[in-house]
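I opened this notebook to record what I looked up in one structure. The entries follow the order in which I worked.

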Amino acid sequence: MSNNLVIVNHPTVNCLCRSDGWIYTPEFERNGAKIPARWTKGSLQTKKFKNGNYHYYVVRIAGKRYKVHRLICEAFHSNPESKPHVDHIDRDPTNNCAENLRWATQSENRRNQARNDFAREKLGLDTAASHAELKHAYMQVYYAEHRVEILEQKRDQYASKKGVA
């Protein structure tokens, strides 16, 4: 995640969204009790499917429930193609950082799922492997396959900074 934390007003919902996936919910009343304004990641919800469970965060704002990943994506990413789904790039539905979210069609979202399942299989990780384990293993493979290109790019960047041709 980037070290620069960005906070923006959501375009349509009365809340603030942080680039690290947190939502500032205004004070509201529920069953006669005042709920104070606060920063929250939301409450974890589980949706059950035949092949496992899907976990995601939701927040309640003015009596209505919102999926956190959708609020963050709407606040930080324009959607000129009107794609209906929010895709978690790393396939971790609890990672709602703005840089991990993008707009996608259903087929793009499923392709990303298949690509990550293939990567886990290729790298010898089980499906329960964490995102950090997958990213580390993937970067090792990527670096091994592209090492020469990466070193040449770094050499060129260094040379351009020093003014060497």
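The entries below go from the whole chain to single residues.

**Entry 1: ground rules.** I noted that this is a predicted model, in which local features need pLDDT of at least 70, side-chain atom pairs count only at pLDDT 80 or more, and totals for chains, interfaces and linings use all residues. Residues are numbered from 1 along each chain as its sequence is written, and side-chain values use heavy atoms, with hydrogens and water left out.

**Entry 2: the whole chain.** I looked up the secondary structure and found three helices and 11 strands in the protein chain. Helices (H or I, at least four residues) and strands (E, at least two) are DSSP runs, numbered from the N terminus. Read from that end, the order of elements is β-β-β-β-β-β-β-β-β-α-β-β-α-α. The protein chain has 165 residues, and 30% of them count as buried; buried means under 20% relative accessible area, exposed over 50%, and partly exposed in between (1.4 Å probe, protein chains only). I also looked up contacts, meaning heavy atoms within 4.5 Å. Among those between residues at least 6 apart in sequence, 35% join residues at least 24 apart.

Entry 3: I found an open sheet of four strands in the order 1-2-3-6, with antiparallel pairing. Two strands pair if DSSP finds at least two bridges between them. Strand 1 (7-9) and strand 6 (38-40) are the edge strands, each pairing on one side only. On average, neighbouring strands of this sheet are turned by 30° against each other, direction ignored. Axes here are lines fitted to C-alpha atoms, for helices over the stretch in contact, and angles run from 0 to 180 degrees between N-to-C directions. Strand 3 (residues 23-25) pairs with strand 6 in the antiparallel sense over three bridges, and Y24 stands opposite W39 in strand 6. Helix 1 (residues 68-76) packs on the sheet and touches strand 1, strand 2 (16-18) and strand 3. The direction of helix 1 makes about 90° with that of strand 2.

**Entry 4: charges over rings.** I used this rule: NZ of Lys or CZ of Arg must be within 6 Å of the ring centre and within 35 degrees of the ring normal. The charged end of R18 sits over the ring of W39, 4.9 Å from its centre. The charged end of K67 sits over the ring of Y56, at 5.1 Å from the ring centre.

**Entry 5: two histidines.** Is H88 buried or exposed? H88 counts as buried because its relative accessible area is 4%. I located H88 in strand 10 (residues 85-88). The side chains of H88 and N96 are joined by a polar contact of 3.1 Å (a pair of N or O atoms within 3.5 Å; within protein, one must be able to donate a hydrogen and the other to accept it, and residues adjacent in sequence count only if both atoms are side-chain atoms). Neighbours within four places in sequence aside, the contacts of H88 include Y54, H69 and N112. H69 lies in helix 1 and is also buried, at 8% relative accessible area.

**Entry 6: positive phi.** Most residues other than glycine have a negative phi. A62, not a glycine, has a positive phi of about 55°. A62 is in the loop between strand 8 (52-61) and strand 9 (64-67), and counts as exposed because its relative accessibility is 71%. S82 is not a glycine either and has a positive phi of about 55°. The loop between helix 1 and strand 10 holds S82, which is exposed at 58% relative accessible area.
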